[in-house]
Amino acid sequence: MSKERIGVYICHCGSNIAGTVDVVEVARWAGETLKERGVVVSRDYKFMCSSLGQELIQKDIKEQGLTRVVVAACSPHLHEQTFRNACKEGGLNPYLCELVSIREQCSWIHSDKAVGTEKAKAIVSGGVEKVIWNEPLEPLRVPINPVTLVVGGGIAGIQAALEIANSGYPVIMVEREPSIGGHMAQFDKTFPTLDCAACILTPRMVEVGSHPNVKLFSYAEVTNVSGYVGNFQVTIKQKARSVNTELCTGCGICQEKCPKKVVDPVFEAGLGYRKAIYTPFPQAVPKYPVIDRENCTYFLKGTCRACEKFCPTGAIDFTQQDEYFTFDVGQIIIATGWDLFDARRIPQYGYGRLANVFTSLEFERLSNAAGPTGGKIVLRDGVTVPKSVAIIHCVGSRDRNYNPYCSAICCMQSLKFAHIVRERTGAEVYNFYLEMRTPAKGYEEFYQRVLEEGTHFIRGKVAEITDAARYPGEEGKIIIQVENTLIGKQMRVPVDMVILSAALEPRRDFKEVARLFGISCSEEGWLIERHPKLDPVATMTEGIYIAGCAQGPKDIPASVAQGAAAAARVVGKIQQKEILMEPIRASIDQDKCSGCRICNNLCPFNAISFIEERMVSEVNPALCQGCGTCVAACPAGAISGTVFSDQAILAQLDGLLLKNVKVLDFTPA
Amino acid sequence: MKYSYFPGCSLERNALAYHISAMAIAEPLGLEFIEVEDWNCCGATEYVSVNLLASYALVARNLAQAAKETRTRQLVAPCSACYLNLKKCDIYMQESPSLEEKINIALAAGGLSYKSGTLKVRHLLDVIVNDVGYEAIAQKVTNPLKGLRVAPYYGCMIVRPKLGKNGSFDNPEYPTSLDKLLKVLGATVIDFPLKTHCCGGHMTQISESTGFELIRRLVKGASDYKADLIVTLCPMCQLNLDAFQGAMNAHFNTEYHMPVLYFTQMIGLAFGMDPVSLGIGTELVDARPALSKIGVEVPQPEVVVKRPPKEALPMPSMPEEK
Amino acid sequence: MLPAHASPTQQSLRQKSFLEEVIQNTPGDCRLLSCIQCGTCGGSCPSGQDMDHTPRAIFAMISAGLRQEVLKSNTPWYCVSCYYCMVRCPQSVHITDIMYTLKRLAIKEKVYDDSKAPDFSKSFIEWVENYGRAFELGLMSMHLIKHNPFGVFKMAGMGMGMLTKGRLAFTPTRIRGIDSLKAILNKAKELEAAA
Amino acid sequence: MSERFEPVIIGFTCNWCSYRAADMAGMGRIQYAPNVRLIRLMCSGRLDPTFVIKAFAGGADGVLVSGCHPGDCHYIEQNYKAMRRFYLLRKLLAQMGIEPARLKLLWASAAEGQLFAEEVTKFTEEVRALGPLNWNPEAALLSEQVLYRQPAEVAA
Amino acid sequence: MTSNGKPKFAMYWAASCGGCEIAVLNIHEKILDVDANFEVVFWPVAMDAKYKDVEAMEDGSILLTLFNGAIRNEENEHLAKLLRQKSQILVAFGSCATEGCMPALANLSPLEELVSTVYSTVSTDNPENIHPQPTYKAPEGEIHIPKLYPIVRTLDQVVDVDYYMPGCPPESHQIAAVLDLVIDAIHGKATLPPKGSVIGAGGSTVCDECPRKRDVKTIREFKRIQNIMLDPEICILEQGVICSGPATRSGCGALCPQAGSPCIGCYGPAEGVLDYGARLLTAVASVIESKDPQEIERILEGIPDPAGMFYRFNLGASLLRASKAAWAR
């Protein structure tokens, strides 16, 4: 019989838990069966995390003199802090509260109520046994380094960096491409207001480039991250630009003189050319060009050096090597953006085989005044103006064969394209859509506008796009075959040009990014936020935030909002000056330690040292991260860990196996 | 390489040319085909429209018969419909233990049994391009089909649907294995946009106008692309495009002349074999003009009308005989 | 009891059983419930132009419980089993398999309007059940006589061509194990009837 | 009602990857075998073999040890230590008559909810196939089998 | 109090080798203190006594009983219960009584196998294959031998134990110290430690007393003592030979490592350790220097008998206690 007075609270979570777990029965069972273990109160409640639920606990702490609290609700990753705070405010040390999950680990994964209920009992029993061994603890205080790393220089990253820099704190921005700007810099117009993308983006890019609080690394990547919130160490690889930025004035002569022209697969989306030494576009920030060594004649053949010859300041440096820089930063914002779905994966849409089938990004460049055609909308031959254009929605989105999710921006983007085509060419425009999704401010109005412009809307997922003429009038055209689902008939629509509104996909290297920063991503590869509604820019890893499309497909306003939100979180933390950390630490009992030194090289954080004069080992709590590996390895049992002590884990084990339950009203699940 | 061989009803008679050409090229390709003992019809697309379990049992009898052959675990079918039915039955049995159990109860009534997954069902094209390989084929080419414009035509059931974990051996929308094979044989291969479109299947029997329209699209497509002939790998496709081409022309008042040959015949020609030994000449749309482009002379076939033997069963009379 | 003015759709919605019936009679998980009415099937169907309803529309009718209309429709009989719809369907609905199910249900209840296609299937399997192999000449001629006596003349040229090229057999082949096959098929039908 | 044996399985997960994989499976409402009861540790490196042994001795039929993928450990490389212990422990348990299949090592990243669910179900079936463990050495003393009888007077 | 006023002392030998008895006699002149302070009422190795004499004693009339040996058979159990009943302080004396020691390694095998190994294998000269019979009818009458149990138990698995004194055998200086303590306590000059304590041993592990030089540990290969010339100065574990010292309670003075042989763990687990073998295993495994599963398995081939290695003395007191083959019927 435990001397503790334990309160047990079973959450219904609406019907999320109560639907598959008989919460009333679990509460009754805990109150009766676990009485011997010290349970003096056992309740069930609709929403334990609500203020009323929390007050319930606080009231019991005061009135019933609870010394321990067990809440059975959702995953500790969601609400552990909530209930610890509730206990703290109720006058109980927060670490004497234990949250066990009967939702993610029970009700949501089972459908049989009897099974769910029995499992929930075992889980509650485990929590009760464990909480008896919990010790009152105080959180550790760690100072926060005010420097923030922003990874990715698209609109989300730019917004975040400027918000932080303007608040007076230093930012390090890392961009993989030679210039910041991201996908937005490729666009001509932005929906629904049709602002010129460059007009609104370029000033911000310039601000980032010249801001005294921003240190910008473009053509660079983060290669290593270690440490923890407030105290990360990051390594940045600056790829060799082959241009000395101290000397370069960005005059552009090198680009003019470079004889090697290559297709630009990144900024021009494969629709235009650049030189082997290049800035992606004239307004690039920073203004310094880079030499693409894979295509540079000098690097390939050892001769040429035209750029070097003509550079007025002697800034070309073929001998430059990749450089590595290491910085201490307090927090990190990841805004790495998205990649376009490869439309060649849908052979029946003909992209790659039919010349006049374009992707959305290709069309952005085609319609961009600074693009390869100077904004003239023409067919792949570079001359012919299309008389009819089909815009296909949901290409690679909302399709189990490719990506099951909705890419969120395609409807509005397709409407924007329809408008631009109508405006510039007067062509007939056909939008093939599945559902028209225009939920944000001004979006539905834009749809109305495009409707009134005379764009044809055909509801149906396009079956195939072919150049095989079947009927007269189809020769030489691209034919869209579709069921017009609103009339229930097959249609063949011959057009001159097709634009595929291709899906937004996670960056191809999402796995490496997630691994590098120690955060999680969904099956598809979108980075996962801490809470889908209440904490959309934080991650499960303290001190690391996400913004923009790295988290999921979204449009410019939403990306900017997330960038700003992440910045606000970062600044808020910096202003706290220090953060409270879980006091999960190992310590060595000096009397028990025999100095065997087994533990000495088990700690990757070098928190364990050997004290020669006393012949014992010692843990430095400032370096210890609380993994517990040394605790589990000490042959003498001399190392103990807080929060997850041997006794607590063994007790939880007994609890889960119902070893201490004498009443036999339990049938194992 | 040894394979069990399931010819299917079509190859017995209407697609005999497919069968004999496949047999003719087997030896130079190093393939040995062992015909499944006393095989039965796979049910085409008809049996499953009437009776679900019996249609699987019908196919499973063939699998059981083929599994008796211990020298190989590979079952090859030249007919796309047979191939799909055999493969689908095996995979559905693997995926559903209850189906497997029921089928085996039925098979037991006929003294047979089959454990799903025992055989690997393959299409003849798959075997030739993947087991023999393009390089080995290229080495045997003596008379490249130079100058011949061919439309590679796959039809439906060789690449669709995607079954089981591995799916089909080639892309369901845009397969390329036959294209590559024909290139290896030296032909000029057109990028035929209709290569996986439907030949109409049994539609000529259900709705003539629908069936003819499907035939028209393909023949027109190949003709628009200036193909000399269509190369196919399925007896149903060949039958529809070849035998019904005349009726289709009559229906639409068109004058297409698009010969349809089997890929096995093309391989044989490239290997320098005698066209007659490959069954060339039995097609209804005369392929001789096309083949003359590559210098292949096909003798005028003898017109043989076999009379039914004495043991023949009574025939339903044809109206014109009345 | 529904009010007299309730429309057939309202009536059938209350029953809600046809959708379940179709799902139950289709092997495996046919995913019919996931249909989002996008029309990929209808757009892809080679014979879709000649169907009274596109497959997509048929699925909407199934979920609306319009049993008679669906089973009378020519849609499943115009399915050519090309499987385009099935590989393209963004929701992986087993469309072709569902078409087979609709054919079986229609044959079982003899509710189809045009008996041509069902009869074709039935005559085909009759030959198979009695001989073990398909017999094209017998099948085609019998089918033509019954359903398109005038079409015979149109097809006669083709038939003669086939005969002269030796591509049609006059006699059906009977497999040796026909008794075993019959026993197998009978057992299968018995099992199916029991289920 | 058929009395199917329902094994009791204790699962040890790390806080960062595998527990989140379980969370992820929950959030995705992926249905899987209910037989596993989880104990969350900070890291698989925290796993003291004593816990596993205690679980078996205490009535568990199977034990799942789960952590981040090698190379992905939140604490850099501590899951390798878990791996070393796991292999040696499994060897020892086999000598004690606990089938190696009752102890499973599963690497699952925070994104692998599906994998976690599938592997748990698979493991449950494997343990179910092995039957109950019911660890109880004292049971031997209750058996009636007598090798050597002993009357009261023998010692004196 | 007894007739001569001295407290009574008993010592008993159950399933054990007798080394513990020798160790007690090995305390030299201290033995005289025992005689001076105690009346020895029962000590079969040292003096003649009958079980029935003990049975006749009043409950609790013996002050101190040192019980060595594990519980292998019915006779061991009977005596354990009897002495518990008659004694005020029952000490599990030596490794066999505290944790099973060598006798408990028999728990890895079924009893039938043990008996047949003893009486039937090639090394046994037993041409007529005679096995002992539970009862035997001799002309003098029926005789019996005690029933063997399928598993060996420690003393505290059979009766309540007051103190534990580890060691195989306990070191004589530790025995002397314990006896001094008890004698002092009798005279009110000292208080006994709380019930359940381990006495006659240290609070750390063997390394604490080991003079060898120690560094961090990385093991790439496990070696066996017979295949290696051990460096006399350096930690034995660092040389690849498994030494139980890090996990074994101190108190012996690290005799074995000093003599050039690895500690084999007779003093049992350190204070608070639940399962000795698990702790030693985890320590040894943690310092294997490899991240590759296959290489790890290969390195572990150097430990062919982990159960015997890690539970050499402790199997009887371990969490699992016996292999399934031994207990499951």
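## Nonpolar cores

Two residues are in contact if their C-beta atoms, placed from the backbone, lie within 7 Å. The contacts described here belong to a predicted model. By that criterion, E:Phe67 touches E:Tyr12, E:Ala14, E:Ala80, E:Leu83, E:Leu90, E:Val91, E:Ala92, E:Phe93, E:Ala97 and E:Leu155, leaving aside residues up to four places away in sequence.

The largest nonpolar core comprises 374 residues, and within it A:Ala72 and E:Phe67 touch the most other members. In soluble globular proteins, nonpolar side chains tend to be buried together.

## Chain A

Chain A has 669 residues, of which 56% are buried. Its secondary structure amounts to 17 helices and 34 strands, and its C-alpha trace spans about 90 × 70 × 40 Å along the principal axes. Among contacts in chain A with a separation of 6 or more, 71% join residues 24 or more positions apart.

The domain assignment divides chain A into domain 1 (6-139 + 648-656), domain 2 (142-239 + 323-336 + 507-581), domain 3 (242-321), domain 4 (339-505) and domain 5 (586-641). Between domain 4 and domain 5 of chain A, the C-alpha centres are 64 Å apart.

## The interface of chains B and C

Where chains B and C meet, 69 residues of chain B are in contact with 70 residues of chain C. On the chain B side, at least two residues each come from α1 (9-12), α3 (52-67), α4 (80-95), α5 (97-109), α9 (203-206), α10 (208-224) and α12 (245-252). This side of chain B consists of 40 nonpolar, 18 polar and 11 charged residues.

Methods
Residues numbered from 1 in each chain as written. Chains lettered and ligands numbered in written order. Predicted model: local features only at pLDDT ≥ 70, side-chain atom pairs only at ≥ 80, totals over all residues. Helix = DSSP H or I, 4+ residues; strand = E, 2+ residues; numbered from the N terminus. Nonpolar A, V, L, I, M, F, W, Y, C, P; charged D, E, K, R; others polar. Domains from an automatic or database assignment. Core = buried A, V, L, I, M, F, W, Y, C linked by C-beta atoms within 7 Å. Buried ≥ 20, exposed ≤ 12 C-beta atoms within 10 Å, placed from the backbone.
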